[in-house]
Amino acid sequence: LDFGGATACQRPQRARGTMVFCCFSDQPPNEVKSRGASGARNGALLDKQNNPNEFAVGLKDACCKDPICCCGTMIGMTCGLSACYFRNKVLSTYGNGIEDYVCCQGYVPKICCIDTPNMCRGNGMALCCEGCCCPFFSLSIARLHLMDAKQVRPDPMDWQIIAFSNCCQILSCICDILACFIQELETLADLIDCIADAITCSVAGCMGAQINYEIKMGGGAPNSHMMER
């Protein structure tokens, strides 16, 4: 049977995949409460909610669409190679390459006396430091840059996946703190740390596959606002 282009056997599979994240809302938050660099990044993502275009493949489907890239990104995330690669690839595809690089691509505003939007302009070594020291954050910056260039908005399930990953990291942090006072929890804390890091790496793998597939699809142009940063 065919229900709007999807067969009867396909529909339950989609439902089962969605149920994993049913505890998390697929709606964007009304405001960003976090501060600092993470708050600025999340605010930039929220600002793209009204962009006219959609990703060619959602974050949840990216692994199946480009499994080799997904696995390669996961492995490379441990040393920052994936973040450096995709930062450079997005810069080269939608701009003038490393010449357009600035720290965090201008998404993080000036902090005290540190003028982040104008730091290390066109510096390849700075890009490597950013990718190796903050790999997941740097990969997120590459994704935001692509979303600006192609005027893409987040997929509804993106919010659920990211919220789930963040929740795991918070749980890991809580267990680490408790283990400082309760010695019996050390093993459990280490286990949860490993699970949380594995989930974060898997989300990063999906991000890499999504970015790679989106670039292959073509389209998009350097965003004038981005070039001014």
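User: Where does Gln 151 lie?

Analyst: In this predicted model, Gln 151 lies in the loop that runs between helix 7 (135-150) and strand 4 (152-153).

User: Is Gln 151 buried, exposed or partly exposed?

Analyst: Gln 151 has a relative accessibility of 29%, so it counts as partly exposed, given that this class falls between the 20% and 50% cut-offs.

User: And what is phi for Gln 151?

Analyst: Phi of Gln 151 is near 55°, which is a positive value in a residue other than glycine. For background, most residues other than glycine have a negative phi.

User: Does Pro 52 count as buried or exposed?

Analyst: Pro 52 counts as exposed, because its relative accessibility is 57% and the cut-off for that class is over 50%.

User: Switching to helices, at what angle do helix 4 and helix 9 pack?

Analyst: Helix 4 (residues 67-77) and helix 9 (residues 186-217) pack at an angle of about 130°, and their axes are 7 Å apart. That angle makes helix 4 oblique to helix 9, and the crossing of the two helices is right-handed.

User: Which residues make the contact between helix 4 and helix 9?

Analyst: On the helix 4 side the contact is made by Cys 69, Cys 70, Thr 73, Met 74 and Met 77, while the residues contributed by helix 9 include Cys 201, Ser 202, Ala 204, Gly 205 and Cys 206.

User: What about helix 5 and helix 6, how do their axes cross?

Analyst: The axes of helix 5 and helix 6 (residues 124-133) cross at roughly 135° and come within 8 Å, and the two helices are therefore oblique to each other. Ala 83, Cys 84, Arg 87, Asn 88 and Leu 91 in helix 5 meet Leu 127, Cys 128, Glu 130, Gly 131 and Cys 132 in helix 6.

User: Where is confidence highest, and where is it lowest?

Analyst: Within the protein chain, confidence is highest in helix 5 (residues 81-93), at a mean of 96, and lowest in strand 1 (residues 2-3), at 38. The chain as a whole averages a pLDDT of 82, with 80% of the residues scoring at least 70.

User: Over which residues does pLDDT stay under 50?

Analyst: It stays under 50 over residues 1-17, for which the model has nine contacts beyond four places in sequence, and also over residues 224-229, for which the model has 13 such contacts.

User: And overall, how many helices and strands are there?

Analyst: The protein chain has ten helices and four strands, and 41% of its 229 residues count as buried.

Note on methods:
Residues numbered from 1 in each chain as written. Predicted model: local features only at pLDDT ≥ 70, side-chain atom pairs only at ≥ 80, totals over all residues. Heavy atoms only, no water. pLDDT = per-residue confidence, 0-100. Contact = heavy atoms within 4.5 Å. Buried < 20%, exposed > 50% of the residue type's maximum accessible area, 1.4 Å probe, protein only. Axes fitted to C-alpha atoms, helices over the stretch in contact; angles between N-to-C directions. Parallel < 35°, antiparallel > 145°, perpendicular 65-115°, else oblique. Left-handed = near helix turned anticlockwise from the far one by under 90°.
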